[in-house]
Structures are given as structure tokens and as C-alpha cells.
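Dear colleague,

Please find below the structure I am passing on to you, together with its sequence.

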Amino acid sequence: MSQDHNEKYIFEAEWYDKIATILKKFYLYYYPFDNTVELVSYILFYLRTFENTNLRTSCLFQFDLKTRKTFLRRTKCEGIEAKDFYVGATVTIFSRNIRITDYADCHTRTKLQTKMQKTFAMVMPDIMDNLGEILKRIVSCNFHIANIKMSQLTKEQATQLCKDGDSTSIAYIVNYLTSGPIVALELLGDHAITRWLEVIGPEDSDEARVKAPSSIRACYGKDKVHNAVHGSRNEEAAKWELEFFFPDPKSQQKGPGNTATLKNCTCCIIKPHAVQAKLVGDIINDIQKAGYTISAIQQFSVNPFDAEEFLEVYKGVLPDYAAMVGELQSGPCIVMELTHKDEKFDVQGEFRKLCGPMDPDIARQVRPNTLRAKYGKTKVQNALHCSDLPEDGILEVEYFFKILGN
């Protein structure tokens with residue numbers, strides 16, 4: 001019993017202190033036996049030795065030292081569970097949004113990587129109007145959406161993706177994949193690869209309707225080629241497909257580009273707290289049912305400096321500016337470019353009405369059917385950011401998809 005009580009997972013984590021405007025680093029300890037947490041802060045010092053010779057400076061060696069200090073003693077924290085702890089997650093610990101950035105020891109890495117598996121999923125072009133429904137289905141099956149991006153594949157990229165497929169149908173599949181934008185997803189969950197294949201059903205949609213009538217392909221697919229969604233066949237395929245669409249930033253490789261049009265559009269950001277609360281599917285479903293077209297979507301992790309720059313227009317105008325900056329950089333957010341099939345439609349103005357008043361409490365009183373009324377918590381954690389002015393729409397979309405994205 002003593003051994004179980006002391007079993008712990010250790011993560012590297014960070015928290016942006018908006019008052020001190022400092023990004024603080026921590027070791028986050030999680031004890032599954034009694035659902036307790038502990039935070040140890042550390043400061044990293046880099047020490048270098050240099051040599052000066054004929055005005056040339058060279059670094060002979062470098063190493064680092066860490067000073068540690070207990071920030072939060074081991075204690076219970078309401079609202080968090082074992083499933084909330086994984087790399088890339090944001091956990092709220094006593095009102096602080098702590099972002100987990102990496103495993104801190106081999107035991108944690110081995111234990112959780114084996115249990116928590118990644119897989120790749122793709123939503124096909126002809127069911128893009130049902131994206132919100134698909135995302136809701138994914139969340140309801142206990143998958144975490146770790147990454148998302150809409151892309152328009154070239155013929156070469158689609159052919160590369162089909163390299164291990166049935167040679168007799170590759171041409172048809174390539175045509176299907178390039179017929180419109182697709183949405184690539186990184187899914188995380190227990191035994192994610194096999195479970196996702198079960199959720200989507202047999203490759204042939206007609207067969208799926210017989211053998212797995214409640215599967216995604218049975219509900220949205222047409223035949224063996226036009227089968228609505230894709231899932232990695234095995235761990236090797238999942239790794240390759242995820243690296244193809246979501247390459248490691250350190251590798252300097254680029255995946256397929258985004259689909260932003262920068263024409264007659266507005267910007268919508270699903271804020272980190274709503275992403276963490278797994279509301280992405282519900283929000284996108286409501287937006288699509290209201291008649292808007294998602295012409296680009298991508299997940300971003302905004303650093304404190306970019307958050308301040310993006311929200312600078314509110315500095316000195318809104319008293320909650322610092323808190324807004326803190327929220328935007330507190331975890332992954334989902335950014336969308338929204339358009340409308342009717343070119344004369346006032347996308348920015350009408351979408352702003354759909355979002356509702358900035359304060360969700362007021363929205364629930366005067367406009368209860370708006371998005372902020374349904375999904376917002378406070379004036380800062382109000383679920384969504386939307387463009388204020390017509391000219392802001394294109395500028396804000398451009399900031400994310402052209403400046404921060406690829």
C-alpha cells in the first residue's frame with residue numbers, strides 16, 4: 001500500500017504569471033493514489049566559459065544549474081483527474097492554468113506513453129459541413145484532440161499519403177483527397193489506434209452500415225472510396241502520418257499549408273478554457289448550423305509576447321486586458337477563418353451578434369441563444385474571441401494564418 005501511495009508522475013510544466021509578466025517553470029508531481037499534486041518551481045542558470053583570441057570569441061563549454069523551491073506542497077485539487085495529465089495539456093490548479101510541456105523522468109514517460117497513445121485522423125472534403133458533428137463524436141468517445149489543421153492537399157501530397165494503399169484505387173482516392181480541403185487531427189487516448197478504427201468502422205461504408213451501423217463511416221460515408229474519415233492502421237502509420245501533417249517545429253520541416261482565403265471573412269478564436277473543457281465540437285457545430293463556412297482552422301499555442309501583440313488594441317481600453325492576455329496564452333486555442341456562401345452577407349457583423357455580449361452573464365439574460373451565453377464563464381473566459389470591426393477580420397486571420405502559421 002505504501003508503494004502505491006508514493007507512486008508519482010513527474011512533468012515539466014509552465015505558468016504565465018500575468019501580474020509579474022513572467023513565464024514560470026515547474027516540476028509538476030501528480031500522485032494517482034489520492035489525486036494530489038505538488039509544484040516545485042525552478043530557475044535555470046546557464047554558465048559558459050569563453051575564450052577571446054584575436055577578437056574572435058568561442059564558447060568552450062556550457063552547462064546549467066537549477067535552483068528549486070516548493071511552490072505548492074502536496075495537496076488535493078478539485079476538478080482534476082488522472083486522465084487530465086499528458087504532454088500538451090493545461091490543468092487548472094487553484095485558478096492557475098498550468099501547461100504540461102514534457103515528461104520529467106523516464107518512469108513517467110514509459111508509463112504514460114504506453115498507456116496514452118496517439119493516432120492520426122482525417123476528415124474528408126465532402127463532409128466538411130459536418131465537421132462539428134464529427135468533433136463532438138470524437139470527444140464523446142473519450143479522445144483528446146491534441147492538434148487540428150485544415151489543408152488543401154496537392155496531387156503529389158495525396159499520392160504520397162496513398163503510397164501503401166490498394167494500387168487499383170489510388171487514382172480515385174487521390175481525386176477524392178484533392179477535391180476540397182481536408183481536416184487533419186491528432187487524437188490522444190487509451191489504445192487510440194485500435195479504438196479509433198472501431199469508431200469509424202469498416203473501410204467500405206456499405207459494409208459499415210451492415211456490420212457497424214452506428215460508426216462514422218456508416219453515418220457519413222458513401223462507398224469504399226468516399227468513406228468520410230480516415231484512421232491510421234497501426235503505430236508506424238500513425239507516426240508517419242502525424243509527422244507528415246504536424247512536423248516537429250525543431251525539424252524545420254513544413255507540413256501542408258493552411259487554407260486561409262483572407263477574403264470577406266472574420267476571425268473566431270475558441271479560447272483555451274473552452275478547448276480544455278472539450279467544447280470545440282459543440283461550438284463549431286453551432287457555428288456551422290448558423291450557416292457559416294469554416295474556410296480555415298488550426299490550433300495555436302500563443303506565447304505571451306504574441307498574445308500581448310494580438311490584443312494590444314485593448315490595452316488601456318479594457319480593464320481586463322492583462323487577464324485577456326493571460327487567458328489567450330494559457331493553453332492551446334483553436335483559430336478559424338469564417339466565411340459565408342452569400343458574398344453580400346455581413347460575416348463580421350452577423351457573427352459578432354451570434355457570439356453575443358462579452359460578459360456571458362449579461363448574454364444569458366438578454367441573448368440566451370448566443371455562443372457566449374451557452375459556453376462562456378466570465379468576461380475573460382467567455383469562450384470566444386471575434387473580430388470587432390469589418391477591417392479587423394482579415395487582419396486577425398492574417399496574423400494567425402500568415403504570420404504565426406504556415
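The notes below cover the nonpolar cores and then the salt bridges. Please bear in mind throughout that this is a predicted model.

Nonpolar cores

The largest nonpolar core has 45 residues, and within it L185 and I270 touch the most other members. Leaving aside residues up to four places away in sequence, I270 is in contact with V275, V280, I283, I284, C333, I334, M336, A383 and L384. There is also a second, separate core of 23 residues, with A260, I269, Y314 and C333 among them.

Salt bridges

The whole structure contains 15 salt bridges. One of them joins K111 to E7, with the closest N and O atoms 2.9 Å apart. This pair connects distant parts of the chain, since K111 belongs to helix α2 (residues 106-115) while E7 lies in the loop between α1 (2-6) and β1 (9-17), 104 residues apart. K111 counts as partly exposed because its relative accessibility is 39%; E7, at 22%, is likewise partly exposed.

K379 and D320 form a further salt bridge, at 3.8 Å from N to O. Here too distant parts of the chain are linked: K379 is in the loop between α16 (371-375) and β14 (384-386), and D320 is in the loop between α12 (304-310) and α13 (321-328), 59 residues apart. K379 has 39% relative accessibility and therefore counts as partly exposed, as does D320 at 27%.

R109 and D102 also meet through their side chains, at 3.3 Å from N to O. Finally, E14, K25 and R99 are linked in a network of salt bridges.

Definitions and conventions. Residues numbered from 1 in each chain as written. Predicted model: local features only at pLDDT ≥ 70, side-chain atom pairs only at ≥ 80, totals over all residues. Heavy atoms only, no water. Core = buried A, V, L, I, M, F, W, Y, C linked by side-chain atoms within 4.5 Å. Buried < 20%, exposed > 50% of the residue type's maximum accessible area, 1.4 Å probe, protein only. Contact = heavy atoms within 4.5 Å. Salt bridge = Lys/Arg side-chain N within 4 Å of Asp/Glu carboxyl O. Helix = DSSP H or I, 4+ residues; strand = E, 2+ residues; numbered from the N terminus.
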